[in-house]
Amino acid sequence: MTVRAILVIARLNGRIQDSPLQKIMKRNFKIWRGDKNGGQFVDYRTNIEPGMVVLDVLHRIQAESAGDLACRWNCKAGKCGSCSMEINGKPRLSCMTRMNSFKEDETITLQPLKTFPIMRDLVTDVSWNYRQKEKIVPFRPKPRDADGNYRMTRDDVERIQEFRKCIECYLCQDVCHVLRDQGGKDQFVGPRFMIYLASLEMHPLDTADRIPAIRKEYGSGFCNITKCCTEVCPEHINITDNGIIPLKERVVDRYFDPVMWVKRKIFGV
Amino acid sequence: MNGQARGGYQSGVAVTVRNDTWWISPLLTFLGFSTFIIYSTWSALQGNHYYYGSYLSPFYSPLIFINPYAVGSAPVEHAWLGAYPSWWPTFIPQSPAFLILAFPGAFRFTCYYYRKAYYRSFALTPPGCAVNPLPRRDYRGETFLLLFQNLHRYALYFALLFIVILYYDAFRAFVRDGRWGVGVGSLVLLLNATFLACYTLGCHSWRHLVGGRLDCFSCDSLSKKRYRIWQRVTFLNERHQLFAWISLFWVGFSDLYVRLVSMGVWRDFSTWGN
Ligand code: SF4
Ligand code: SF4
Ligand code: FES
Ligand code: FES
């Protein structure tokens, strides 16, 4: 078998994603340029080499033809959550979106996140999210054990570990239709903060009670569990199934289940 | 600036910049649910051909009242309360399915997975991710008209009962005229009860009630036991959508199977040889 055939087979098997066979080629991009007053799509064309991600392309375009093109990035490793944008209409991290995931003749459209105010080009002002976090009652641990330690077992913390993977890229906030399309920013804190709340509420050491606020201020009822947040999360956090739905069930315990209500009145738990 | 919306986003229902086939899944969901709703309503209205040999269609179980004169109906002693009473109002069809379908119906209607599916494919709220929803002036989510969704766990309690009933039917399907045996129909009904159990026991409310509501799984021996159950339920819960579809399809197929065998269209292969 020739080396070429081996490489082709290896690539088909998904072992080598960018083999030397992949040629350097020109690709088309449509990038939204503008600020809060308006803007338009501008077409760009540049060379793509094997292994490139969308963020690399932006850097190349900046170097070649648009030195003033604004985009935000930091780690280029999918860990800082800065490079969020909409790529062909999907909220994604540009540093984790590989060019070889697109068809060869596809024009790639890049837009700023729809849900947040545009600062310039692909950069949006996500500070609304920081204000949501400020509203949330922080971790309130119970007193330490007599020997000065906190104790919890692995079984207890495993469930909330998942939520700690969040990199605060706000892609889930961007895609959530309550915030994106329904004008619900005053009523609902959004999926990112629902899992933050879940990680606090399910914490074995935490003592604060956030259930009334989860229902009212944080707006759990506005989520209609359509799961787009889960679909876009680059950390693959099961936002809806493991975070939001369990919180909704806790709200049901407190406010909607008559049996639980009676039980609470009689036994106080 | 040349009329382009902010960020290059256009308004309009189902408008999106996405160029993939995002619409296939809501479309298939729409067609799948519609087919099921139409078939199950039609079948429930028939009031006949729901019984054959020892097989009882799951749409018709449990039998509360029976009209023993309908073709393909169960023997009257199978009904909890016997034949339809004389005072039965004429505007309610004398179909046993009519009395019970509301329970599984309510269970599926308020199921978290089905909610997701029909909010997307029927209510277009939103039809897909990063796809414009049906515009509405005052979106209230599940805080207002849909508040009743919060009572899903009560529908669950009935659904748990139905697992027992359907397993009972499945086991009865292995006995005909006092003789043990097995037919394709017995297996169909056994699978039906099993798929339904896998769906029901993966319910989010169930997962919450068995253990999810605890903050500390290790604090006492009961919590530890509940944690083990919670882990099992979580396994099914992660496959909830899958079992929602399999059990939906299979319950419809089980009814169709019994119906066609009872009508003589299909032949049921069995050890009883009829
Ligand atoms: S599941 Fe809820 S929080 Fe997540 S995107 Fe949908 S509506 Fe928003
Ligand atoms: S939950 Fe996922 S999508 Fe949302 S901010 Fe965190 S990492 Fe990003
Ligand atoms: S640059 Fe850090 S996540 Fe993309
Ligand atoms: S969540 Fe689907 S059955 Fe309860």
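By class, how many nonpolar, polar and charged residues does the lining of the second largest cavity have? This lining has eleven nonpolar, no polar and three charged residues. The views below come from a predicted model.

**View 1. Chain A and chain B in contact.** The contact draws 58 residues from chain A and 52 residues from chain B. In chain A, the residues that lose the most area to chain B are A:Arg159, A:Gln182 and A:Glu249, which together account for 13% of what that side buries. Between them, chain A and chain B bury about 4700 Å². Carbon and sulfur atoms carry 50% of this buried area.

**View 2. Salt bridges and polar contacts across the interface.** Eight salt bridges are found by the rule across the interface of chain A and chain B. A salt bridge joins the side chains of A:Asp257 and B:Arg153, with an N to O distance of 2.8 Å. Residue pairs in polar contact between chain A and chain B, both at pLDDT 80 or more, number 34.

View 3. Several helices and strands of chain A each supply at least two residues of the side that touches chain B. Among them are strand E2 (38–48), strand E4 (90–93), strand E5 (108–111), helix H4 (154–161) and helix H11 (258–267). Helix H10 (239–255) is also one of these elements, and H10(A) gives the most to this side, with nine residues. By class, the side of chain A that touches chain B has 23 nonpolar, 15 polar and 20 charged residues.

**View 4. The largest cavity.** By the rule used, the model has three cavities of 30 Å³ or more. The largest cavity holds about 100 Å³ of space. Its lining is made of 14 residues, and A:Cys176, A:Cys223, A:Thr226, A:Lys227 and A:Cys229 lie nearest its centre. H6, H9 and H10 of chain A are the elements that give two or more residues to the lining of the largest cavity. Helices H6, H9 and H10 of chain A each also supply at least two residues of the side that touches chain B. Sorted by class, the lining of the largest cavity has nine nonpolar, four polar and one charged residues.

**View 5. The second largest cavity.** The volume of the second largest cavity is about 80 Å³. Of the 14 residues that line the second largest cavity, A:Cys166, A:Cys169, A:Cys172, A:Cys233 and A:Ile237 lie nearest its centre. Helix H5 (171–175) and helix H7 (191–201) of chain A each give at least two residues to the lining of the second largest cavity.

Terms used
Residues numbered from 1 in each chain as written. Chains lettered and ligands numbered in written order. Predicted model: local features only at pLDDT ≥ 70, side-chain atom pairs only at ≥ 80, totals over all residues. Heavy atoms only, no water. Contact = heavy atoms within 4.5 Å. Buried area = accessible area lost by both parts, 1.4 Å probe. Salt bridge = Lys/Arg side-chain N within 4 Å of Asp/Glu carboxyl O. Polar contact = N/O pair within 3.5 Å; in protein donor to acceptor, adjacent residues only side chain to side chain. Helix = DSSP H or I, 4+ residues; strand = E, 2+ residues; numbered from the N terminus. Nonpolar A, V, L, I, M, F, W, Y, C, P; charged D, E, K, R; others polar. 1 Å grid on protein atoms, 1.4 Å probe; cavity = no way out; pocket = protein on both sides within 12 Å on 5 of 7 lines; lining within 4 Å. Points joined across faces, edges and corners; volume = space filled by probe spheres on them.
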